[in-house]
Amino acid sequence: LQLLFYLLPAVVVGVIAFYFFNLHTRNEERRRRFLLHKELQKHALPLRLQAYERMALFLERIAPGNLLVRVKPYKSGKEDYANHLLRNIEQEFEHNMAQQIYVSEECWNVIKASKNATINNIRKTVAK
């Protein structure tokens with residue numbers, strides 16, 4: 001019984017010490033994870049902004065009004081000119097394809113849909 005009286009405070013102190021050590025370890029791990037996340041964000045944010053900027057420029061460049069002004073016909077046939085425009089759009093798209101890593105999936109789907117809609121508009125116009 002006397003041994004129990006000696007061991008009880010030691011066990012209580014041990015449990016409390018274990019609890020605070022465990023709490024400190026979890027907080028330290030969260031702090032390190034936060035600092036790492038913050039550091040990664042510092043490097044990733046400029047890349048993401050640049051990707052969105054390039055994709056906005058891509059959409060501006062494939063807009064039919066801008067595309068027709070920028071890409072001059074080199075042959076007299078409308079089919080040849082349309083194919084030239086379509087190749088130009090595809091080249092622009094392939095040039096910016098790596099940006100899909102940095103933009104959201106929803107944004108990337110909108111960009112692809114815009115590209116496809118522009119291509120379909122050109123094909124419909126040629127068919128008329």
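Helices (H or I, at least four residues) and strands (E, at least two) are DSSP runs, numbered from the N terminus. The views below come from a predicted model, in which local features need pLDDT of at least 70 and side-chain atom pairs count only at pLDDT 80 or more, while totals for chains, interfaces and linings use all residues. Residues are numbered from 1 along each chain as its sequence is written, and side-chain values use heavy atoms, with hydrogens and water left out.

**View 1. The annotated span, residues 6-23.** An unreviewed UniProt entry gives residues 6-23 the annotation "transmembrane region"; such annotations may be inferred rather than shown by experiment. The span is 100% helix and 0% strand, and its end C-alpha atoms lie 27 Å apart.

**View 2. The salt bridge of E28 and R31.** In this salt bridge (a side-chain nitrogen of Lys or Arg within 4 Å of a carboxyl oxygen of Asp or Glu), the closest N and O atoms are 2.5 Å apart. Both residues belong to helix 1 (residues 2-61), where a spacing of 3 residues separates them by about one helical turn. E28, at a relative accessible area of 21%, is partly exposed (buried means under 20%, exposed over 50%, partly exposed in between, with a 1.4 Å probe and protein chains only).

**View 3. The salt bridge of R61 and E92.** The side chains of R61 and E92 meet at 2.7 Å, N to O. Because R61 lies in helix 1 and E92 in helix 3 (residues 78-95), the pair ties together parts that are 31 residues apart in sequence. Salt bridges with shared partners join R61, R70 and E92 into one network.
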